[in-house]
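This report walks through a single protein chain for someone meeting it for the first time. Please keep the sequence and the structure in view while reading.

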Amino acid sequence: MLPDLERLIHLQDLDLKAAAAQRTVAAAPERIAALDAKLAAARAGVDDAKAAIAQNQATRRSADKDILAAQQRLEKYKEQSMAVKTNTEFHAMQQQMAAVKAEIDRFESQILEIMMGADELAAQLKAAEARLKADEASVVAERKTIETERDAQAAIAKTCAADRATIVGQMNRGVVSTFEKVASQRGGIGLARAEKERCVVCQVRLRPMVYSAVKRNDEIVQCDSCQRILYYVPPTAADTAAQPAAPSTQS
Ligand SMILES: [Zn+2]
């Protein structure tokens with residue numbers, strides 16, 4: 001095989017590996033931001049629950065004040081009713097006292113509702129705090145996993161770049177630029193295996209003359225359709241039907 005073709009196979013392999021590594025590195029900030037958002041939502045859940053409890057307590061204080069005032073008013077009416085002189089006055093006083101008693105009843109049932117609400121809110125706060133605690137633990141672990149993965153892939157990308165520079169340094173510049181040009185236009189893949197008279201990547205049938213040139217593996221031949229540089233892997237004895245030789249097995 002033409003040495004540059006072998007190098008191209010290696011190069012294609014490195015480029016795909018580097019691209020995958022770079023995608024992982026590039027995706028890391030967004031993944032970490034999503035974890036931060038999850039944590040922020042859990043914290044907001046706790047804050048909301050606390051705010052609801054504060055609101056409940058304020059309503060309770062206000063109701064306590066109202067009921068106390070009504071009770072004091074009732075006491076005053078009771079004292080006044082002792083001093084009344086006429087039946088009419090007495091009845092009027094009775095009516096006022098009944099109204100205040102009804103008011104006190106309303107406040108009592110309101111306070112009961114507030115108390116039941118307080119129990120519910122306390123349970124909600126407890127659940128929100130538990131969720132936050134669990135999220136904090138899982139976010140720390142997930143962030144560490146993402147960062148470890150990112151650093152490992154960044155190291156792989158760096159190694160790929162160094163290896164690439166070495167290989168490119170050994171190659172014909174024209175071959176490299178043809179490969180890079182096609183790769184940049186064709187989803188990062190500038191090289192294609194030919195098999196059964198077809199370009200394996202674009203699946204277009206090759207002209208017989210082109211295919212026989214490709215089979216010799218001794219020159220740079222491009223696919224008429226996708227322009228990728230073609231190479232050929234002769235079938236081996238073990239390579240009967242199922243095992244198409246991938247570029248990675250060649251390097
Ligand atoms: Zn093709």
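Which side chain meets that of Arg207 in a salt bridge? The partner is Asp224, with 2.8 Å from N to O. Since this is a predicted model, this contact and those that follow are read from predicted coordinates. Arg207 lies in the loop between S2 and H4, while Asp224 lies in the loop between S3 and S4, so the pair ties together parts that are 17 residues apart in sequence. Arg207 is partly exposed at 46% relative accessibility, and Asp224 is partly exposed as well, with a relative accessible area of 43%.

**The zinc site**

The zinc ion is coordinated by the SG atoms of Cys199, Cys202, Cys223 and Cys226, at 2.3 to 2.4 Å. The angles among these four donor atoms run from 102 to 117°, and the site is tetrahedral. Along the chain, the donors of the zinc ion follow the spacing C-x2-C-x20-C-x2-C. Cys202 is partly exposed, with a relative accessible area of 25%, but Cys223 is buried, with a relative accessible area of 1%.

**Salt bridges**

The count of salt bridges in the model comes to 17, and the table sets out some of them.

| Pair | N to O distance |
|---|---|
| Arg7 and Asp4 | 2.7 Å |
| Arg43 and Glu136 | 3.7 Å |
| Arg207 and Asp224 | 2.8 Å |

Arg7 and Asp4 both lie in helix H1 (residues 3–83), three residues apart, which is about one turn of the helix. Within this pair Arg7 is partly exposed, at 25% relative accessibility, while Asp4 is buried, with a relative accessible area of 9%. The salt bridge between the side chains of Arg43 and Glu136 links distant parts of the chain, for Arg43 is in helix H1 and Glu136 is in helix H2 (residues 87–169), 93 residues apart. Arg43 is partly exposed at 41% relative accessibility, and Glu136 is also partly exposed, with a relative accessible area of 31%. Elsewhere, salt bridges that share partners join Asp15, Arg164 and Glu180 into one network.

**The nonpolar cores**

The largest nonpolar core has 17 residues, and those that touch the most other members are Leu8, Leu11, Met171, Phe179, Leu191, Ile229 and Tyr231. At least two residues of this core come from each of H1, H2, helix H3 (173–185) and S4, and H1 gives the largest share, six residues.

Methods: Residues numbered from 1 in each chain as written. Predicted model: local features only at pLDDT ≥ 70, side-chain atom pairs only at ≥ 80, totals over all residues. Heavy atoms only, no water. Donors = N, O, S within 2.8 Å, 3.2 Å for Na, K, Ca; no water. Tetrahedral: all angles 85-135°; square planar, octahedral: opposite > 155°, others 65-115°. Buried < 20%, exposed > 50% of the residue type's maximum accessible area, 1.4 Å probe, protein only. Salt bridge = Lys/Arg side-chain N within 4 Å of Asp/Glu carboxyl O. Helix = DSSP H or I, 4+ residues; strand = E, 2+ residues; numbered from the N terminus. Core = buried A, V, L, I, M, F, W, Y, C linked by side-chain atoms within 4.5 Å.
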